[in-house]
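Colleague: Please take me through one part of this complex in detail. I would like the place where the chains meet, and then what lies behind it in the second chain.

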Amino acid sequence: MAITIKVNGAAHRVDVDGDTPLLWVLRDVLGLTGTKFGCGMALCGACTVHLNGAAIRSCAMPVEGVGDAEVTTIEAIDTTAAGRKIQRAWLDLEVVQCGYCQSGQIMSASALLAGNPHPNDSDIDAAMSGNICRCGTYLRAREAIKHAAKVSAAIGKEG
Amino acid sequence: MFFDRLTPNSVLESGLSRRVFLMSSVAAGGGLMLGFGLPFFVGDVMADESSSFVPNAFIRIGGDGSVTLTMPYVEMGQGTYTSIPMLIAEELEVALSQVQLEHAPPDEKRYGNPLFGGVQGTGGSSAIRAVWEPLRQAGATARIMLIAAAAKRWKVEPSSCHAERGEVVHKTSERRIGYGAVAGDAAQLPIPEKVALKRPEEFKLIGTPAKRLDAPSKVNGTAIYGIDVKLPGLKVATLAQSPVFGGRLKSVDDAAAKAVKGVLQIVRLDDAVAVVADHMGAAKKGLAALVIQWDDGPHATLSIADIARDLEKGTLNPGAVAQNVGDVAKAITRAVTKVDAIYQVPFLAHAAMEPMNCTVHVRKDSCEVWVGSQVIARAQATAAKTTGLPLDKVVVHNHLIGGGFGRRLEIDGVTRAVQIAMHVDGPVKVIWTREEDIQHDMYRPYFLDRMSAGLDEAGMPIAWNHRFAGSSILARWAPPAFNNGLDPDTIDGAINLPYALPNLRVEYLRMEPPGIPTAFWRGVGPSHSVFVVESFMDELAAAAKKDPVGYRRALLDKAPRARAVLQLAAEMAGWGEPLPQGSGRGVALQFVFGTYMAQVAEVEVSQEGEVRVRRVVCAVDCGSVVNPDTVQAQVQGAVIFGVSAALFGQVTLKGGRVEQTNFDTYRVLRMNEAPAIEVHIVKNTEPPGGMGEPGTSAIVPAVTNAIFAATGRRLRTLPVDPAELKHA
């Protein structure tokens, strides 16, 4: 059964079973390897992508469930304002270590910031606690989200 | 003697000076090539210099002025690829961004770490310690040769020239020339015999925070880990291995699996079965559809209780003496108070975020491997052995590592992937599911420790007796490192304590558990020993009715650096200031990996016994700091890794099977549970200590000691069991 999905602004026809997790369509069929495999059960957040701007775990999302929704992956997150700010903040605050979970962290953080320009600590906890990092970059990730929010505020004032 | 022990008070505190051997040649394409030797460490042990010099690191200054460093360490998140170029750039007088790093190809003869039994590996918090002096010396040597070459061309005295930003400058005539233009000439000049290194106050880069060079590719999804390898015609496989270690595959019904769209092939091995497919989604679906019968083999009934019982019995016998000071047996007879305790730490999984994976293409007369490995030459060797091909017919491509923590010092995954690939036409990427990754890890060993101490009338320790049993990883991994019943890793953190203990005896019994493989884990030996030593020290303070910080301080008159970090951590943590009911502070102090560290943890214990680590204050003296930002990041990460282990970490066996499967049953700390972590660095100019691991070993006893302060309950078995802390 061929299924058509929209990923990063382009439509792709893929010939896989409908219950194939979106993660494997992105990685193995479309070659978008920035989205990572970590657990396969929506427990770790490494596979986080956006579905119409909302953060979802692609390892637990059957590709047939995507429908007409727009999928955005880490490869295109710089096309969104929140994504760019988060990526910038991640570099400014030197968040990454091994880096493997960071695509998912950045996707969760970008969705948070896009919907909530001034998240407080409990907003950040709620949005980010589904993303595991074994290198332990949590403190810097938290600071980076706040940093990105401040930058947005400053830009807002200037504009 | 294979090992040269560096003791805290003699060598490390007095500064370490090493002779560095160098050789130069003309680089391909006409630049300057300098080869030099980098030493290796395990724990705080440094390898003896070998008498025959074979360079294992190279600086190449190209005709275009480019600076390339080739060296035998890998990046796995610890920031080594940023810190190492800083050392070269500092002495060579080039911008950090000008230094390109290349990973050495597999070649154990050249790049092997003598302390790892000749294995080419990165681990043991060793990289910066190993390169600190040789890299700066190599950089300075290259600079002097480039200056000499420019001076010769200008017919001026070299002393009238200096180097800055990749150029040689003759100030009086205002002439400048790029390194690239004189690199070829420099290669013809003799290597200077004596090279003066910068004094710490002259450092421009070292000691300043530097941006990680690998960060941009890790925030936009372009960084390529082993699991991301793409090849034309690549198939994807996933596998099920015998759930009991040592079991065999009995039978497989693969009819349903073969009917799954995208499934290409089922591969049967003696003790595993793999499903090869177009993509991992189909491979997983196919694996789930297999009906597999296993022959569980000799460990079919094994449980953790069996292993613990063996260790408990084993430690009734004396072990190999790791350290003996004074006469413990005599001293204990004079003791006014005696304290005895048994401690136990569990098997632990690595659970790196990138599950195990390896891509292999076996052809008739060659084999190619794509993997993220801490031991690239071993990966090559196992592929050769498994396929029966000569070593030079195996090519290994190394990739970024999505978390090492010791797991990727093992090549079991490469061996398995090659076994599967031998049945597959074309390249195949073998990916472990998370369940397979956790249930077929190689684990931090279970240890059991018997502690006994005697205190004098003032409550101070006059006898310290520590006997423990468990697996020796080095005995398997690098057999030459295991001598007289001991290896330097397992006893690290249990001997050479910073404390003045007049009578001390430490014994170790190597007891390998049946039916469960063991391996290095972040913090290696000290991940176990520091928990035991620092918990027991806390018990002694409690028995003496003394403050845990004051008690330790009284034993540190001859260890000023240890005393200083303890004092600093206590001050910054507000030690002694009141805390709310149900909260407590705990302290731990250690000297391991050449680094002094003290941590104070603040915990809160709920009515239900749930422990929350609120705040951690860490004081660290790791000697000269290359990149303070990396030191802070490594402590933060190591503390979170250790808190995960203290609160949740355990791998248990039931019917020989690992009971934990995924992040629901093998829990790790999440962002909402992470403590605030403060890192205070003691600045000095001592040789650098390791930073990747010390934070993990120190936090565990700091947490359990804090739980004792909060609840009066002493936890001697990990992980923390909330049921034990529940209010009655």
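Modeller: The contact draws on 48 residues of chain B and 47 residues of chain A. On the side of chain B that touches chain A, helix H6 (215-219), helix H8 (280-289) and helix H18 (628-647) each supply at least two residues. H18(B) gives the most, with seven residues. Sorted by class, that side of chain B has 23 nonpolar, 14 polar and 11 charged residues.

Keep in mind that this is a predicted model. The predictor gives the complex an ipTM of 0.97 and a pTM of 0.90. Chain B has a mean pLDDT of 90, and 90% of its residues reach 70 or more. Two stretches need care. Over residues 1-19 of chain B the pLDDT is below 50, and the model has 28 contacts for this stretch beyond near neighbours in sequence. Residues 41-53 of chain B also stay under 50, with 40 contacts beyond four places in sequence.

Now the sheets of chain B. One is an open sheet of seven strands, in the order S14-S15-S12-S22-S19-S20-S21, with mixed pairing. Its edges are strand S14 (263-268) and strand S21 (394-398) of chain B, and each pairs on one side only. From one strand to the next, the twist averages 20°. Within this sheet, strand S12 (residues 235-241) and strand S22 (residues 428-431) of chain B run parallel and share three bridges. Helix H11 (residues 376-387) of chain B lies across strand S19 (357-362), strand S20 (367-371) and S21 of chain B. The helix runs at about 145° to S21(B).

Another open sheet of chain B has five strands, ordered S17-S25-S24-S23-S18, and its pairing is mixed too. B:Ser452 has B:Asn465 in S24(B) as its bridge partner. Helix H15 (residues 524-543) of chain B packs on this sheet and touches S18, S23 and S24 of chain B. Its direction makes about 150° with that of S18(B).

There is also a hairpin in chain B. Strand S10 (residues 167-170) and strand S11 (residues 175-178) of chain B run antiparallel, joined by four bridges. B:Val168 stands opposite B:Ile177 in S11(B). Four residues lie between the strands, and B:Glu174 takes a positive phi near 55° in this hairpin.

Helix H3 (residues 102-115) and helix H4 (residues 121-128) of chain A pack at an angle of about 135°, with their axes 9 Å apart. H3(A) and H4(A) are therefore oblique to each other. The crossing of H3(A) past H4(A) is right-handed. From H3(A) come A:Ser108, A:Ala109 and A:Leu112, and they meet A:Asp123, A:Ala127 and A:Met128 in H4(A). By class, this contact has four nonpolar, one polar and one charged residues.

Notes. Residues are numbered from 1 along each chain as its sequence is written. Chains are lettered from A and ligands numbered from 1 in the order in which they are written. This is a predicted model: local features need pLDDT of at least 70, side-chain atom pairs count only at pLDDT 80 or more; totals for chains, interfaces and linings use all residues. Two strands pair if DSSP finds at least two bridges between them. Two residues are in contact if their C-beta atoms, placed from the backbone, lie within 7 Å. Axes are lines fitted to C-alpha atoms, for helices over the stretch in contact, and angles run from 0 to 180 degrees between N-to-C directions. Angles under 35 degrees count as roughly parallel, over 145 as roughly antiparallel, 65 to 115 as roughly perpendicular and the rest as oblique. A crossing is left-handed if the near helix is turned anticlockwise from the far one by less than a right angle, and right-handed if clockwise. Ala, Val, Leu, Ile, Met, Phe, Trp, Tyr, Cys and Pro count as nonpolar, Asp, Glu, Lys and Arg as charged, and the others, Gly among them, as polar. pLDDT is the predictor's confidence in each residue, from 0 to 100.
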